[in-house]
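User: I have a chain open here and I'd like to go through it piece by piece. Could you help me read it?

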Amino acid sequence: MRGVSGSFRPLGGGGGGGGGERLELAVAAANQTTALTIDVEETVEKKIERLIRENQVIIFSRSSCCMCHVMKRLLYTLGVNPTVIELEEGEMGALPAAAQDSSRGGGAPPAVYIGGRRIGGLESLMAMHLGGDLVPKLREVGALY
């Protein structure tokens, strides 16, 4: 397990101007510092869209999903540290429509995005890897050197 530490600091807003409070979370992990910005008035859908845009590799997951675990392990093994967002049951429908697999009953994770583009679930990620397309794509978006 990787050691992670973090701290919050207010960025403004919420000062009577009707805007939401914005917080910055600075996370230090594996000798890297990442700043995550949180707007407390942002809808779940907008947060998800923003996270997809801002992260080179992002997995929308559930903590008890074995397929999500396999996706994370594959990416970690390749040397990629994806952003992993574990969604609550009520947030599953907030995934963009393209991420919702109707054969599995809606927006059921896992769903992986690379460079802002939906790759799909475990089967799509594995097909991309076995076809030799995953590593070049990860290099293209700057997630792998």
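User: Let's start with Asn 55: is Asn 55 buried or exposed?

Analyst: Asn 55 is buried, with a relative accessible area of 13%, where buried means under 20% relative accessible area, exposed means over 50%, and partly exposed is in between, using a 1.4 Å probe and protein chains only. Before we go further, keep in mind that this is a predicted model, in which local features need pLDDT of at least 70 and side-chain atom pairs count only at pLDDT 80 or more, while totals for chains, interfaces and linings use all residues. Residues are numbered from 1 along each chain as its sequence is written, and side-chain values use heavy atoms, with hydrogens and water left out.

User: OK, and where does Asn 55 lie?

Analyst: Asn 55 is in the loop between H1 and strand E4, which covers 57-61. Helices (H or I, at least four residues) and strands (E, at least two) are DSSP runs, numbered from the N terminus.

User: What does the side chain of Asn 55 reach?

Analyst: The side chain of Asn 55 reaches the backbone oxygen of Leu 51 at 2.8 Å, and a polar contact of 2.8 Å joins it to the side chain of Thr 83. A polar contact is a pair of N or O atoms within 3.5 Å; within protein, one must be able to donate a hydrogen and the other to accept it, and residues adjacent in sequence count only if both atoms are side-chain atoms.

User: Gln 56 comes next, so what is Gln 56 in contact with?

Analyst: Gln 56 is also found in the loop between H1 and E4, but it is partly exposed, with a relative accessible area of 39%. Leaving aside neighbours within four places in sequence, Gln 56 is in contact (heavy atoms within 4.5 Å) with Tyr 113, Ile 114, Gly 115, Val 141, Gly 142 and Ala 143.

User: How many residues apart in sequence are Gln 56 and Gly 142?

Analyst: They are 86 residues apart in sequence, yet their C-alpha atoms are 7.1 Å apart in space. A polar atom of the Gln 56 side chain lies 3.2 Å from the backbone oxygen of Gly 142.

User: Changing topic, how many salt bridges does a search of the whole structure find?

Analyst: The search finds four salt bridges, each being a side-chain nitrogen of Lys or Arg within 4 Å of a carboxyl oxygen of Asp or Glu. In general, side chains of opposite charge can pair when their charged atoms come close.

User: Which residue forms one with Glu 49?

Analyst: Glu 49 pairs with Lys 46, their closest N and O atoms being 4.0 Å apart. Both lie in helix H1 (residues 44-54), three residues apart, about one turn of the helix. An α-helix has 3.6 residues a turn, so residues three or four places apart point the same way. Glu 49 is partly exposed at 36% relative accessibility, and Lys 46 is partly exposed at 48%.

User: And which residue meets Glu 140?

Analyst: Glu 140 meets Lys 137 in a salt bridge at 3.5 Å, N to O, and both belong to helix H4 (residues 134-140), three residues apart. Glu 140 counts as exposed at 61% relative accessibility, whereas Lys 137 counts as buried at 16%.

User: What about Lys 72, which residue is its partner?

Analyst: Lys 72 forms a salt bridge with Glu 86, the closest N and O atoms being 3.9 Å apart. This pair links distant parts of the chain, with Lys 72 in helix H2 (residues 66-78) and Glu 86 in strand E5 (residues 83-86), 14 residues apart. Lys 72 is buried, with a relative accessible area of 15%, while Glu 86 is partly exposed at 41%.

User: Which residues in H2 are buried?

Analyst: In H2, the buried residues are Cys 68, Met 71, Lys 72, Leu 74 and Leu 75. They cover an arc of only 160° around the axis, which puts them on the same side of H2; the arc is that of the directions from the helix axis to the C-beta atoms. The face turned away from that buried side carries the exposed residues Cys 66 and Thr 77.

User: What covers the buried residues of H2?

Analyst: The cover includes E4, E5, strand E6 (111-114), strand E7 (117-120), helix H3 (122-130) and H4.

User: Last one, how many helices and strands does the chain have?

Analyst: The chain has four helices and seven strands, and along the sequence they follow the pattern β-β-β-α-β-α-β-β-β-α-α. Of the 145 residues of the chain, 34% count as buried.
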